[in-house]
Amino acid sequence: MTRLEERFGDPYNADNPFGHRTILDADERSTVAEGAEAVLDEFGLNAEFVPEALGGRLVEVDELVRRLRPVFRRDASLGLGYGVTSLMAGLNVWLGGSDVQRKWLADLLLGGGKASVGYHELDRGNDLTNNEFAATRTEDGLVLDGRKEVINNAARADAAVLFARTGGKGGGRDHSLLLVDLHQLDGGTFRRLPRYRTLGLRGVGLSGFEFTGCAVPDSALVGDLGQGSDIALRSFQVSRCVMAGTGLGILDAGLFGVLRFALERRLYGQTVAELPHARATLAGAYADLLTADALVTTATRALHVLPATASAYAAATKLLVPTLLEEAMNALSVVLGARFYLREGDYAGFGKHMRDLPPLGIGHAGGISCQLTLLPQLSRLLRALGDPAPAAVFTAGAALPELDLSRLRLFAPSGDPLLAELAAHGTHPGIAAALAKLTADVAALPARDTGVAASPAALDLTDRYAALLAAASVTGYARHNAVPDGWAELALSRLAERLTPSAALPATHPAAEGALFADLLDRATTGSGFCLDRDPVHRTLAQ
Amino acid sequence: MTSTDTTTSTSTTVPADIAQWLAGRVASYLDTDAATIDLDLPLAEYGLDSVYALSLCGDIEDTLGLVVEPTLAWDYPTVNAMAEFLQAEIA
Amino acid sequence: MRYGAFAEAERLEGVLGDPGDPASVFSTAACADLDDADGFPTDVCAVLDGFDLARLYVPAEFGGGLVDYQDAVQTMRMVSRRDVTVAVAHGKTYLGAVSAWVGASREQAEKVGALVRSGLPISWALTEQAHGSDLLAGGVTATRTGSGYRLDGEKWLINNATRGGAVCVLARTDEAGGPRGFSVFMVEKAKLDPATHSPVPKQRTHGIRGADISGISFSGATIGADDLIGREGTGLESVLKGLQLTRTLCCALSLGAGDHALGIATRFAAGRRLYGRGLTELPAARHRLATAFADHLLAEAVSVVGSRSIQALTGEMSVVAAVVKYLVPTRTEGMIASLRKLVGARSLLRDVLEDGAFGKVERDHRIVSLFDGNTLVNLNGLVNLFPILLRTADNATAPDTDGIRAAATVTEPLAPMQHKRLSLLPRKGSSFLLALPAAVAEVEALAADDDALAPLATAARALRTALDGVYAAVRELPAVPVNVPTTSFVVAQRLAACLGGAALLQLWLRTRADALAETGPSTPLWRDGVWPTLALDRLLASVGTPTPAPQAHYDTAYDVLTAQVGSGRLTSLFDHRLAEATR
């Protein structure tokens with residue numbers, strides 16, 4: 001068992017200081033369980049965000065996602081609040097910063113410090129190009145003016161990476177990134193804004209920064225003047241994958257909770273788990289969790305193996321995975337019935353997880369910004385099939401090339417190597433038909449319909465692309481690894497239905513569903529998690 | 001609690017053995033064989049949902065030409081009890 | 001056009017005032033504060049009592065002011081559009097009393113009517129901790145004594161159980177249980193020995209946080225024989241009939257929540273600039289709003305026909321209620337979730353946009369698909385009706401065309417309610433389904449003379465095909481009532497969509513002439529079949545036969561939506577000025 005999972009203990013144990021009961025009580029007070037952050041300090045979670053070369057433990061991004069899972073499985077507020085945003089800030093510096101900046105931030109994080117990342121302004125949402133927070137060049141440095149809002153850890157961060165307007169020509173060179181030591185700023189020209197009250201993720205301290213003529217030295221620039229968008233868009237490729245991956249822990253926990261309930265609860269003379277609808281819902285949610293994991297795993301490994309196309313994969317992952325997870329939680333809530341609505345009792349953890357899942361990505365990259373990243377790339381990606389992706393992208397545990405952020409590109413080359421997996425190794429007929437249809441529709445898409453004013457029909461193409469990428473991930477992963485019986489069959493069938501609505505009734509897969517349900521039960525009783533890696537977990541079914 | 005309206009029926013043929021006929025209908029709802037239905041066991045024992053059991057009144061209307069309260073199967077919870085009631089109504 | 005059912009609603013709006021005015025008792029700001037504190041909306045309920053809202057909970061025949069159920073729906077919608085919590089907290093008394101309307105003697109019903117009119121909150125105690133929706137597993141017992149009954153056991157997750165002055169309790173009167181083993185009692189707390197009952201503490205909830213969702217425990221509470229509603233053994237029957245009414249009326253909660261969410265999102269979009277232009281200039285954003293509005297109009301149309309059907313097609317309410325209660329809350333949930341993506345970070349923040357009302361309404365509204373029979377229970381109810389619906393379709397049973405006309409012509413007065421005509425089964429099937437082929441033919445005939453109606457005719461034909469597909473699927477399904485297979489639920493969802501579509505087509509066919517004769521902000525929706533084409537687009541997509549409406553129809557809907565929200569009117573098929581109306 002991982003150290004974190006062990007330290008956190010069984011969430012269903014009422015006496016556990018890191019159990020659901022304590023976490024829910026803390027949530028009521030808009031904080032996290034007392035001592036939980038100390039556990040993460042002791043574990044040195046920040047080291048996961050710092051590259052090995054700088055003294056940390058960040059080597060492979062898919063491993064990072066797995067290491068964060070026990071935290072998000074426990075409490076999304078804890079994971080986000082402790083500082084996944086330190087990673088988001090750090091990525092920009094690892095990629096574009098000077099050696100001095102890299103070492104300074106690495107040491108700060110390794111010493112337990114926190115970094116905020118300041119992209120977001122309330123009036124601009126995900127539209128970075130029109131950000132108003134500005135850095136003006138002066139003779140002896142830069143002067144900052146404006147606000148960054150809804151920023152995680154702004155109240156207590158030691159450092160911040162800020163996305164600032166430094167030019168006004170229009171275009172991609174108008175912004176720059178700055179790394180600032182918040183303790184060095186002049187209190188008269190800089191202040192931390194009050195905390196926002198939030199309706200979900202209540203334990204997360206979201207606030208902001210306000211600068212009024214605040215001077216910082218030139219050395220605060222990360223990379224060159226005007227390189228902000230460039231660096232940010234590349235670091236997003238990593239953070240989008242990671243943020244999508246954090247949601248896996250939430251569905252994993254939710255699925256366990258509902259399974260536990262279904263095995264315990266009796267209705268109409270039998271347990272809920274014996275009702276066909278409940279059983280199918282549990283098996284379906286499990287299949288979708290594994291599908292989401294396959295996409296996250298493939299996309300994170302692609303950062304290493306296929307960096308040139310990673311921008312598309314990261315955007316597709318951040319587009320589809322939160323939706324898949326949210327839909328699965330919704331379906332599970334129907335099985336849980338009234339208890340998903342309660343903030344107390346044995347199953348109250350589920351309702352909190354369900355509440356916290358959708359806002360997890362808010363302020364980071366919403367669906368529309370991912371769609372707008374994908375849309376202009378589709379015609380190139382689908383123009384021809386590339387060479388099929390190397391096995392390393394799918395094979396769990398296979399050695400990965402070192403993560404080289406400088407090899408990430410903003411625009412994918414022609415020919416998608418992941419989709420080539422579908423062509424090269426055969427797939428569900430519905431998936432094959434959907435790929436052919438998408439290819440034809442993309443070929444017919446006028447270039448003028450690929451920008452911010454894209455039509456809804458054009459944006460729909462990006463959803464279909466993401467679902468096909470998930471199908472490719474499922475196919476590839478199942479080909480190269482031992483996976484639960486029935487999963488690939490059920491997963492591809494579900495993706496095909498998502499891609500192409502049909503008047504025919506959904507195909508039934510009793511054998512696949514039965515096998516998956518049996519596997520789910522087996523994992524629940526033997527202390528295994530529900531993701532592809534079957535990580536050991538500490539949680540108990542009802543006696 | 002159950003009352004009937006007698007309506008004239010044009011095309012129905014009353015089965016000779018109403019109990020056997022009912023057992024056949026119940027069996028079809030349960031997706032089982034009529035021979036397995038104990039005529040004196042409450043339908044609920046077979047797990048026949050009490051609301052679903054209301055559907056029997058449609059079969060009765062179609063086949064026997066009797067309009068009965070939907071709750072017939074609640075008030076006469078076994079096949080024999082129902083058959084006895086229906087026999088009396090037809091007579 | 002104007003819709004007569006809004007008369008009371010308009011009066012109530014006048015009393016309640018602009019919800020955006022923080023000085024008003026029933027303001028968005030006040031409701032948000034109460035929500036933070038899990039506080040019961042006592043002051044707001046007092047205002048509603050001052051309005052004597054409870055008179056709409058008592059049918060006229062039993063001494064109240066409830067003549068047409070549609071009026072109660074539209075009036076309660078005005079409460080819900082401000083705060084679902086208040087609608088749930090106050091409207092609950094109708095649920096508490098409904099067993100009397102459907103199952104009691106006249107004398108008894110009049111007594112309950114007087115109780116409600118006295119302002120006493122009444123709650124409806126059906127569920128128990130270990131059983132939930134499985135009512136026949138209930139363990140609360142009523143044991144006969146010399147002069148009455150003795151109540152024992154606990155009811156749990158009961159709205160207003162603690163604050164209510166009376167509790168309508170479903171209790172086991174036959175040890176063996178079964179459908180004739182339960183009875184309903186009207187238990188007035190003031191008449192009980194205080195030592196024999198105790199409240200089970202309020203449960204904290206994610207939404208409707210202020211509501212009193214608690215329980216009540218009885219131990220040897222003695223009640224009189226005259227507290228039994230109807231006869232012994234009729235409990236399940238009166239509950240099932242009562243649910244036919246309450247499940248239909250629940251649409252008021254969804255419509256109000258939908259009005260609220262659409263209003264917030266539309267106002268937000270109007271003021272937002274992204275990517276160098278107004279958000280509403282982005283086609284994707286406009287389409288999201290227009291699609292949400294289409295979903296809302298669909299929900300409203302089904303609700304209008306459903307609530308009129310209570311009086312017009314009383315004997316068919318078992319099927320109509322299940323369709324309304326499944327379709328309206330789930331469509332509204334989906335619509336709010338979609339709008340959340342437009343509203344973005346503000347849906348998470350308590351103090352940035354309209355007092356955090358968007359996040360609150362999404363949370364609050366989730367209760368609607370949960371209580372009073374959740375999504376699965378309603379779909380299961382439809383599965384139970386498959387045999388009779390198929391049989392009546394195969395027999396070509398004649399639909400009740402007078403009933404359909406009355407249900408779908410909103411300008412036509414409704415016949416007085418006769419609660420005794422409620423039936424556990426739609427004996428003659430569903431008139432809306434049976435009349436669908438004729439309705440489609442009618443649309444086709446209109447389209448033959450008017451090209452603008454071609455998209456509606458296409459959608460109507462697709463709906464008929466979808467219904468044929470449902471019948472074919474039902475024929476193939478095994479009859480397994482005990483463990484309903486998953487496929488049956490899918491078929492039930494499609495059946496609900498078809499019935500909803502059939503009902504809304506009737507609404508357009510029967511009401512359009514009157515709607516077009518009157519000019520108002522909503523008129524463009526009624527021209528060229530705009531709204532039914534959009535609503536069918538949304539329904540047909542959900543049953544796997546996408547039939548996209550023309551972009552021009554979405555544009556029209558978008559224009560009407562922004563005009564209605566911009567002028568403080570209800571987001572609706574009808575013209576209804578809200579308290580905040582500007583012109």
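**Exercise 1. Work out what share of chain C is buried, and how the chain is built overall.**

Start with burial: of the 583 residues in chain C, 63% are buried (20 or more other C-beta atoms, placed from the backbone, within 10 Å of the residue's own; 12 or fewer is exposed, in between is partly exposed). A quick note before going on: this is a predicted model, where local features need pLDDT of at least 70, side-chain atom pairs count only at pLDDT 80 or more, and totals for chains, interfaces and linings use all residues. Residues are numbered from 1 along each chain as its sequence is written, while chains are lettered from A and ligands numbered from 1 in the order in which they are written.

Next, the elements: chain C has 20 helices and 10 strands (DSSP runs numbered from the N terminus; helices are H or I with at least four residues, strands E with at least two). Its radius of gyration is 23 Å, close to the 25 Å from the globule rule for 583 residues, so chain C is as compact as a globular protein of that length. The radius is taken over C-alpha atoms, and the rule is 2.2 Å times the number of residues to the power 0.38.

**Exercise 2. Find the neighbours of strand β5 (residues 182–188) in chain C and say how enclosed the strand is.**

Take one side: β4 (residues 166–172) of chain C pairs with β5(C) in the antiparallel sense over seven bridges (pairing takes at least two DSSP bridges). Here C:Cys168 sits opposite C:Met186.

Now β8 (residues 228–229) of chain C: β5(C) pairs with β8(C), again antiparallel, over two bridges. C:Val184 has C:Ile229 as its bridge partner.

Finish with burial: six of the seven residues of β5(C) are buried, so the strand is largely enclosed by the rest of the structure.

**Exercise 3. Describe the side of chain A that touches chain C.**

Count the residues: 46 from chain A are in contact with 48 from chain C (C-beta atoms, placed from the backbone, within 7 Å).

Then look at the helices. In chain A, α8 (276–305), α10 (348–356), α11 (367–374) and α15 (456–480) each supply at least two residues of this side. α8(A) gives the most, with three residues.

Last, sort by class: this side of chain A has 27 nonpolar, 14 polar and five charged residues. Ala, Val, Leu, Ile, Met, Phe, Trp, Tyr, Cys and Pro count as nonpolar, Asp, Glu, Lys and Arg as charged, and the others, Gly among them, as polar.

Definitions and conventions:
Two residues are in contact if their C-beta atoms, placed from the backbone, lie within 7 Å.
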